[in-house]
Amino acid sequence: MPLTPLDIHNKEFNRGFRGYDEDEVNEFLDQVIKDYEIVLREKKELAEKVVDLDERLAHFANIESTLNKSILIAQETAEEVKRNAQKEAQLIIKEAEKNADRIINDSLSKSRKIALEIEELKKQASVYKMRFKMLIEAQLEMLGTDDWEDLSKSREERNEYVREG
């Protein structure tokens with residue numbers, strides 16, 4: 001067991017016939033006691049500092065561990081978010097493709113319907129043109145007949161009859 005300052009202070013030396021000068025020995029021991037007390041205090045302070053630093057080191061090691069776990073979780077979360085975003089993008093693309101197909105099919109259907117309507121209108125216009133032509137030809141034929149002359153004569157006769165009467 002190491003010496004304490006009290007051990008040094010209480011140490012008694014046997015006196016011999018011509019031993020050391022007692023005052024000098026006591027003065028030296030006092031100096032040793034003071035220095036030893038300083039060393040012990042410094043040792044205690046350093047031990048406390050070591051304990052404090054060990055605690056801080058453990059704290060920072062814990063923080064480091066937590067940060068490493070957090071980084072791993074963040075990386076995993078980022079990967080999951082990325083996977084989910086890719087899945088969502090694929091779903092959006094598929095939905096857009098379905099909508100595009102529907103729009104194209106609707107447009108094709110409408111264009112076919114309009115084409116049929118155009119053909120029907122062309123037929124109706126052709127029929128109308130033919131009927132109108134026949135009507136005009138019939139009117140021209142009627143104008144070219146002698147019936148118009150008879151009509152105009154009978155009108156003159158009627159006018160004379162009215163005058164005579």
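Read along the sequence, the protein chain of this predicted model follows the pattern α-α-α. The count is three helices and zero strands. Helix α2 covers residues 22-144, and the details below concern that helix.

Consider first how the chain meets its surroundings. Of the 165 residues in the protein chain, 2% are buried. The chain exposes about 16,100 Å², and 58% of that area is supplied by carbon and sulfur atoms.

Next come the aromatic rings. The structure holds one aromatic pair, formed by Tyr128 and Phe132. A pair of aromatic rings is described by the distance of the centres and the angle of the planes. For Tyr128 and Phe132, the centres are 6.0 Å apart and the planes are at 10 degrees to each other. The pair counts as stacked because planes under 30 degrees apart are classed that way.

Where do Tyr128 and Phe132 sit relative to each other along helix α2? They are four residues apart in that helix, so about one helical turn separates them.

Are the two residues buried or exposed? Tyr128 has a relative accessibility of 59% and therefore counts as exposed, since the cut-off for that class is over 50%. Phe132, at 43%, counts as partly exposed.

Both residues of the pair also belong to a nonpolar surface patch. Along with Tyr128 and Phe132, the patch is made by Leu135, Ile136, Leu140 and Leu143. Its area is about 640 Å².

Definitions and conventions:
Residues are numbered from 1 along each chain as its sequence is written. This is a predicted model: local features need pLDDT of at least 70, side-chain atom pairs count only at pLDDT 80 or more; totals for chains, interfaces and linings use all residues. Side-chain values use heavy atoms; hydrogens and water are left out. Helices (H or I, at least four residues) and strands (E, at least two) are DSSP runs, numbered from the N terminus. Buried means under 20% relative accessible area, exposed over 50%, partly exposed in between (1.4 Å probe, protein chains only). Accessible areas come from the Shrake-Rupley method with a 1.4 Å probe; for residues, only the protein chains shown count as cover. Rings of Phe, Tyr and Trp (its six-membered ring) pair if their centres lie within 6.5 Å; planes under 30 degrees apart count as stacked, over 60 as edge-to-face and the rest as tilted. Patches are made of residues with over 30% relative accessible area and no salt bridge: like charges are joined within 9 Å, nonpolar side chains (Val, Leu, Ile, Met, Phe, Trp, Tyr) within 5 Å. A salt bridge is a side-chain nitrogen of Lys or Arg within 4 Å of a carboxyl oxygen of Asp or Glu.
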